[in-house]
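Student: I have a model open and would like to go through some of its residues with you. Can we take it one site at a time?

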Amino acid sequence: MILQPLVPVDGALPGPVLTEIAALYATNHAFFELSGDFPDPDRITVEQVAAALADELAHDGAEVLLARSAGRLVGLVATLAHTSPEDPASDDPDPWIGLLLIDATAHREGYGRTVTALVEDRFRTAGRTGVRLAVLDNNPKALAFWQSQGYTALRRGTDRERGRDCTVLHKPLTPTA
């Protein structure tokens, strides 16, 4: 599996890639029903996905990575180098995983674990010593997944975008020998 950064070309996301990503989002209507990120989770449009990705990439230190296996787009992960785009030197030293989205038709095939491990390795290589993320409280499957990957709860809170109840998780990243 490879992770490829999503890079706008002349300020726009490439159409064919955007179509692929929209199809990936569409497989995850159950997640988007929980999150409320789209008005109709059964009809997610390319335009809505383009706007969501543009919002992600607008933050300083943000990166969207596409996960491909045998050329097929199987997932997407959005990361943030620091918690506060306005204050890169905030008291939180860890990068964040903002979204991990795996093609729902391939859930439970190991892609989530593999993508998570690759992202953690990228952070380790960059000298980071931990990683954080927030899980919506109405998504117990996601909480169970992240805990199975070694993440532990730090605190309860609300997400920055919509004020939804969530649990903030953390995982220390030990250097590889």
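Student: What does the side chain of Asp 94 make a polar contact with?

Tutor: The side chain of Asp 94 makes a polar contact with the side chain of Arg 132, at 2.9 Å. The side chain of His 170 is another partner, at 3.1 Å. A polar contact is a pair of N or O atoms within 3.5 Å; within protein, one must be able to donate a hydrogen and the other to accept it, and residues adjacent in sequence count only if both atoms are side-chain atoms. This is a predicted model, in which local features need pLDDT of at least 70 and side-chain atom pairs count only at pLDDT 80 or more, while totals for chains, interfaces and linings use all residues. Residues are numbered from 1 along each chain as its sequence is written, and side-chain values use heavy atoms, with hydrogens and water left out.

Student: Is Asp 94 buried or exposed?

Tutor: Asp 94 counts as buried because its relative accessibility is 4%. Buried means under 20% relative accessible area, exposed over 50%, and partly exposed in between, with a 1.4 Å probe and protein chains only.

Student: And where does Asp 94 lie?

Tutor: In the loop between strand S3 (72–80) and strand S4 (96–102). Helices (H or I, at least four residues) and strands (E, at least two) are DSSP runs, numbered from the N terminus.

Student: What else does Asp 94 touch?

Tutor: Leaving out residues up to four places away in sequence, Asp 94 touches Ala 81, His 82, Arg 128, Thr 129, Gly 130, Val 131, Arg 132 and His 170. Contact means heavy atoms within 4.5 Å.

Student: His 170 again. How far apart are Ala 134 and His 170?

Tutor: Their C-alpha atoms are 8.9 Å apart in space, and the two residues are 36 apart in sequence. Ala 134 lies in strand S5 and is partly exposed, at 34% relative accessibility.

Student: Is Trp 96 buried or exposed?

Tutor: Buried, with a relative accessible area of 15%. Trp 96 is in strand S4. Its C-alpha atom is separated by 6.7 Å from that of His 82, 14 residues apart along the chain.

Student: New topic, helices. How do H1 and H3 cross?

Tutor: The axes of helix H1 (residues 15–27) and helix H3 (residues 46–57) come within 9 Å and cross at roughly 95°. Axes are lines fitted to C-alpha atoms, for helices over the stretch in contact, and angles run from 0 to 180 degrees between N-to-C directions. H1 and H3 are therefore roughly perpendicular to each other. Angles of 65 to 115 degrees count as roughly perpendicular, under 35 as roughly parallel, over 145 as roughly antiparallel and the rest as oblique.

Student: Which residues meet there?

Tutor: From H1, Leu 18, Thr 19, Ile 21, Ala 22 and Tyr 25; from H3, Val 46, Val 49, Ala 50 and Leu 53. The residues of this contact divide into eight nonpolar, one polar and no charged. Here Ala, Val, Leu, Ile, Met, Phe, Trp, Tyr, Cys and Pro count as nonpolar, Asp, Glu, Lys and Arg as charged, and the others, Gly among them, as polar.

Student: What about Asn 28, buried or exposed?

Tutor: Asn 28 is buried, with a relative accessible area of 6%. The loop between H1 and helix H2 (29–35) holds Asn 28.

Student: Which residues other than glycine have a positive phi?

Tutor: Ala 70 is one of them, with phi near 55°, and Arg 108 has a phi of about 70°. Ala 70 lies in the loop between S2 and S3 and is exposed, with a relative accessible area of 89%. Arg 108 lies in the loop between S4 and H4 and counts as exposed at 85%.
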